[in-house]
Amino acid sequence: MYSTKTGELLGKMITTPSQIDNQPSLYIDELQIFQKNQGLGSRFIRFAEYLSETSSMEGRIHLHAEKNRDEKRYPHLFYRKQGFKTKSRFKNCIFDFCILLGISQCKLFSGTTKM
C-alpha cells in the first residue's frame, strides 16, 4: 500500500489461498506495516477478509503471529483485537487479559502462535 499523497510505501501484505480445519481459507503469509498506529494493519486485515469472501473462502483468514521485526511490538494482541483466536482457550484468555490491562509484553508472546 502506497500513500496517494507522497508515494511512500506504507505497508505490504502477502496472502496465499490455503485450508484450515479442512475449510478453504486465506493465509496471511506476511503483514508488514511501516507507519504504526494509523489503522493500516486493520485495513489490511479487512481487505484480506474481503479477498476471502470474494474468492469462495467465506471470509476465513488465518495466520501465524510471530514477533520478529520490531523488538518492542508483539503482533499477538493486535490480531486478537482484530477478532483472531488461537485454539487454546488459555492463550485467548491471557491475550484478552493483557488487552484489558494494557500489557503489551509477556513471555507468552515470545513464540509463533497460530491464529
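## Order of the elements

Read from the N terminus, the elements of the chain follow the order β-β-α-β-α-α-β, with three helices and four strands in the chain; helices (H or I, at least four residues) and strands (E, at least two) are DSSP runs, numbered from the N terminus. The model is predicted, so that local features need pLDDT of at least 70 and side-chain atom pairs count only at pLDDT 80 or more, while totals for chains, interfaces and linings use all residues. Residues are numbered from 1 along each chain as its sequence is written, and side-chain values use heavy atoms, with hydrogens and water left out.

Of the 115 residues in the chain, 34% are buried, where buried means under 20% relative accessible area, exposed over 50%, and partly exposed in between (1.4 Å probe, protein chains only). Among contacts between residues at least 6 apart in sequence, 49% join residues at least 24 apart, a contact being heavy atoms within 4.5 Å.

## Strand 3 and its partners

Strand 3, residues 61-65, has four of its five residues buried. Strand 3 pairs with strand 2 (residues 23-33) in the parallel sense over three bridges, pairing being assigned if DSSP finds at least two bridges between two strands. Tyrosine 27 stands opposite histidine 62 in strand 3. The chain passes from strand 2 through helix 1 (residues 40-54) to strand 3 in a right-handed β-α-β crossover; right-handed means that, with the strands pointing away from the viewer, the path from the first strand over the helix to the second runs clockwise.

Strand 3 also pairs with strand 4 (residues 113-114), here in the antiparallel sense and over two bridges, and histidine 64 has lysine 114 of strand 4 as its bridge partner.

## The second largest pocket

A pocket is an open set of points on a 1 Å grid over the protein atoms alone, where a 1.4 Å probe fits, with protein on both sides within 12 Å along at least five of seven lines; lining residues have an atom within 4 Å of a point. The second largest pocket is lined by 19 residues, of which Ile20, Ile61, His62, Lys85 and Met115 lie nearest its centre. Strand 3 gives the largest share of this lining, four residues, and strand 1 (11-20), strand 2 and strand 3 each supply at least two.

## Leucine 9

Leucine 9 lies in the segment before strand 1 and is partly exposed, with a relative accessible area of 34%. Its neighbours within four places in sequence left aside, leucine 9 is in contact with Met1, Tyr2 and Phe34.
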